[in-house]
Amino acid sequence: MFVSGLAYASPTMYTFLSKGQNYSPLDVMQVLEKDYPKMIITEFELDVKNSQVRYEFDMIDLDDNTTTEFYMSAETGRILEQKVEKLEADDYEEVTAAKILRKKQMKFSELVTLALKDGTSFAYLTDAQLDHDLGISYLELEVVNEQHRTKLAFDIQNLRPLPMLKWN
């Protein structure tokens, strides 16, 4: 997953985001979780189109076997577009991780907050996604600060960073 249009220049993205008057991704996540309590956020992506910041959220309803994409205005926090589809075979990794999150009675926003707790001050979240690989369910995050873009992985089952999956 890439941040459209600006992924190649992290400092530029940081400068762009630090000047904006946008709702934080965590605030918007919490609203979605409150408004759609049966669903689990599995993915967040920041997107820039025509100098406007948008947030894309994917939410899974494990009971209905559906996934819903929400496109939100970062400036207003309002839904711009919403698409519902049936889960497909390639959604397996996200579904597996979402089931663990539900079993732990945690919300995606709580997991993101835990994962960002250490060492990401003054950074902006640009990507977050549940994944399952090699028998590990984890949250993969991407943050950008003044110097660089960093990807992190956070073990969902054990609620701890996966340092072997950290890269700049």
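Here is a walk through this protein, from its overall layout down to a few single residues.

Let's start with the ground rules: this is a predicted model, in which local features need a pLDDT of at least 70 and side-chain atom pairs count only at pLDDT 80 or more, while totals for chains, interfaces and linings use all residues. Residues are numbered from 1 along each chain as its sequence is written, and side-chain values use heavy atoms, with hydrogens and water left out.

How much confidence does the predictor have here? pLDDT is its confidence in each residue, on a scale from 0 to 100. The mean for the protein is 85, and 82% of its residues reach 70 or more. Confidence is lowest in helix α1 (residues 10-19), with a mean of 58, and highest in strand β3 (residues 66-73), at 96. Over residues 1-11 the pLDDT is below 50, and this stretch has 24 contacts in the model beyond near neighbours in sequence. A contact, by the way, means heavy atoms within 4.5 Å.

Now for the parts list. The protein has four helices and eight strands. These are DSSP runs numbered from the N terminus, with helices being H or I runs of at least four residues and strands being E runs of at least two. If you follow the sequence along, the pattern reads α-α-β-β-β-β-α-α-β-β-β-β. Of the 168 residues, 47% are buried. Buried means under 20% relative accessible area, exposed means over 50%, and partly exposed is in between, using a 1.4 Å probe and protein chains only. Among contacts with a separation of 6 or more, 45% are between residues 24 or more positions apart.

Next, look at a pair of helices. Two packed helices are described by the angle between their axes and the distance between the axes. For α2 (residues 25-35) and α4 (residues 108-115), the axes come within 9 Å and cross at roughly 155°. The axes are lines fitted to C-alpha atoms, for helices over the stretch in contact, and the angles run from 0 to 180 degrees between N-to-C directions. Angles under 35 degrees count as roughly parallel, over 145 as roughly antiparallel, 65 to 115 as roughly perpendicular, and the rest as oblique. So α2 and α4 are roughly antiparallel to each other. At their contact, Leu 26, Met 29, Gln 30 and Glu 33 from α2 meet Phe 108, Ser 109, Val 112 and Thr 113 from α4. Sorted by type, the residues of this contact are four nonpolar, three polar and one charged. For that sorting, Ala, Val, Leu, Ile, Met, Phe, Trp, Tyr, Cys and Pro count as nonpolar, Asp, Glu, Lys and Arg as charged, and the others, Gly among them, as polar.

Which residues of α2 are buried? They are Pro 25, Val 28, Met 29, Leu 32 and Glu 33. Seen down the axis of α2, these buried residues fall within an arc of 140°, so they line one face of the helix. The arc is that of the directions from the helix axis to the C-beta atoms. Their cover includes β1 (40-49), β2 (52-61), β3, α4 and β5 (124-133).

Phe 108, Ser 109, Leu 111, Val 112 and Ala 115 are buried in α4. Down the axis of α4, the buried residues fall within an arc of 160°, so they line one face of the helix. What covers them includes α2, β1, α3 (92-103), β5, β6 (136-144) and β7 (149-155).

Let's zoom in on single residues. Leu 114 lies in helix α4, and at 34% relative accessibility it is partly exposed. Leu 114 touches Met 106, Phe 154 and Leu 159, leaving out residues up to four places away in sequence. Leu 114 and Leu 159 are 45 residues apart in sequence, with 7.8 Å between their C-alpha atoms.

Leu 159 sits in the loop between β7 and β8 (160-161). Most residues other than glycine have a negative phi. Leu 159 has a positive phi, near 50°, and so does Asn 65, with a phi near 55°. Asn 65 is in the loop between β2 and β3.

Finally, is Ala 97 buried or exposed? Ala 97, in helix α3, is buried, with a relative accessible area of 0%.

Technical notes:
pLDDT is the predictor's confidence in each residue, from 0 to 100.
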